[in-house]
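Here are my notes on this model. Please read them alongside the sequence and the coordinates.

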Amino acid sequence: MSPVTSLIQSVDWVAVAPPTITAVVALVVLVADLFVPAARKPLLGWAATGGLVLAGLSLLPLLGGDRRTFCLPGHPDACSYVADPFTLVIQFLVLGGALLTALLSLDTIKDHDLPAGEYWFLLLSSAAGAALLPASRDLATLVVALEVASLPAFALVGLRRGDRLSSEAALKFFLSSVAATAVMLLGVSFVYAATRSLYLSRVAHALTDLPDARLATLASAGVALTLVGFAFKTAAAPFHFWVPDTYVGAPLPIAGYLSVVGKAVGFSGLILVTVQGFPAYADVWGPALAVLAALTMTVGNVAALRQDPRREHSAVRLLAWSSVGQAGYLLVPLAAAGYTHRPAHAIGATVAYALMYAAVNLGAFAVAALVARTRPANRITDYRGLYARRPLVALAMGFFLLCLAGLPPGIIGLFAKVTVFSAAVDAGLAWLAVVMAVNVVIALYYYLQWTAVLFRGAEEPTAAPAGPRPPAPRIPAPLATAIALATVLGLALSGAPQLVLRFASGALL
């Protein structure tokens, strides 16, 4: 057998179905856009939504298994794609988040006259890259998946042509992301030079026994630089500066998408490179992530606390800073993984928290998108009297904010925070647990302040017109569906918080 023949690999198409279906539907939508008349462009949105549903259903045949493909012949441990429980959970989060984003986008595209074909192609392409990343088990595939998820997001942020805020947000997002990617690629090249492999399993083995002190120094630098790249993707401080302006300038569904799916991409990549690729350097990345977690949650919550409710776009800015603070909580179990002998168990707390955060944060962005239809400035004060106008929507928004705060009836938020707190305590990071407790108290203030605004009486105009108040405009069906789905998922998780504990106690990797 020739050397060329020995490199031929078989492909498990069932295992790679979720990202493949998403990518294929993206191409179909882009080509169909050339032939569909303007009056029928909404069909592209429904086709994209259907494609995401189909991609989500393709996860079902993979349940209960550990399928591998793109493996080196004769080396089943060296694979580029692995569909294990960790992969399936993150892919469910990514595809579910993309589906809710699609429902939010159906009316946004029409209201803001966005190019439908380009929008759906970019959204599906980004979702395909995000679904590929948690299954990637070599550094090259990780980097490619990360860029496939990120590059379309730059264009989506700047898709509102002629909008200064949108253009500035896209440029800032692009330039800062490119710089972080360059740093990460430099780190990956250092790791490859030191270990002579890109497969995470082989990198982990090689890092335990480097034959030369110079190679150990090179590997340490590579590990640090690689972490910097992924820290940017997770919006960890001090790499968070792009978040507020990007969220304000982007269409609201895309801001919600970045806050959930973008974070899932960054955290899944960070989990893989630390726990699976660099366990030998836990004494390097464990303390580094602990410091990043403390700094991130403090910066995010303090900045959210300082938001002026009367400032334009203050609602989106508060959600942006809140997402930075939540990223700090998500980093806590990852830091704890560097201090324990069972790091795969510690990351369960991060995954469980991410599932809770994804559902309720996208729900909050869905309500923000609804309010923005009649109040484009989207100030926090614009939510005053929402209960009087739309009681069910106000109750849903209050529930989402209480989940993020970790207060009843948002039981799932409380359990998720307790799970993350326990991970820090069990790892001996008492100081980090104290910092987290202080930040949770800080966050309570601005979450409860916003919740109280929902139920206050609306300010009456100075010259109120006589007669009955006109009814509130009808909520578009896709937007109502997105809010309802997020609420149902949050209530279901709050009704069964043991699901969080099960994720936190089980080894997903």
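Helices here are DSSP runs of H or I with at least four residues, strands are runs of E with at least two, and both are numbered from the N terminus. The model is predicted: local features need pLDDT of at least 70, side-chain atom pairs count only at pLDDT 80 or more, and totals for chains, interfaces and linings use all residues. Residues are numbered from 1 along each chain as its sequence is written, and side-chain values use heavy atoms, without hydrogens or water.

1. Surface patch. Helix H7 (residues 164-195) gives the largest share of a nonpolar patch, 4 residues. The patch consists of Leu 151, Leu 171, Phe 174, Leu 175 and Val 178 and covers about 440 Å². Patch residues have over 30% relative accessible area and no salt bridge, and nonpolar side chains (Val, Leu, Ile, Met, Phe, Trp, Tyr) are joined within 5 Å. Areas are Shrake-Rupley values with a 1.4 Å probe. Val 178 sits in H7. Its relative accessibility is 39%, so Val 178 is partly exposed (buried is under 20%, exposed over 50%, partly exposed in between).

2. Core. The largest nonpolar core holds 175 residues, and Trp 120, Tyr 383 and Trp 450 have the most contacts inside it. Helix H14 (residues 343-372) supplies the largest share, 21 residues. Such a core joins buried Ala, Val, Leu, Ile, Met, Phe, Trp, Tyr and Cys residues through side-chain atoms within 4.5 Å. Beyond its neighbours within four places in sequence, Tyr 383 contacts residues including Val 367, Val 371, Met 397 and Trp 450 (contact: heavy atoms within 4.5 Å).

3. Disulfide. The count is 1, taking cysteine sulfur atoms within 2.5 Å as a pair. Cys 71 and Cys 79 form it, with sulfurs 1.9 Å apart. The S-S torsion of Cys 71 and Cys 79 is about 100 degrees, so the bond is right-handed. Cys 79 is buried at 2%.

4. Salt bridges. There are 10, each a side-chain nitrogen of Lys or Arg within 4 Å of a carboxyl oxygen of Asp or Glu. Asp 84 pairs with Arg 137 at 2.7 Å. Both lie in loops, and the pair ties together parts 53 residues apart in sequence. Asp 84 is buried at 6%, and Arg 137 is buried at 6%.

5. Asp 111 and Arg 373 form a salt bridge at 2.5 Å, N to O. Asp 111 is in helix H4 and Arg 373 in the loop between H14 and helix H15 (386-389), 262 residues apart. Asp 111 is partly exposed at 43%.

6. Network. Salt bridges link Lys 172, Asp 245 and Arg 317.

Key
Buried means under 20% relative accessible area, exposed over 50%, partly exposed in between (1.4 Å probe, protein chains only). Patches are made of residues with over 30% relative accessible area and no salt bridge: like charges are joined within 9 Å, nonpolar side chains (Val, Leu, Ile, Met, Phe, Trp, Tyr) within 5 Å.
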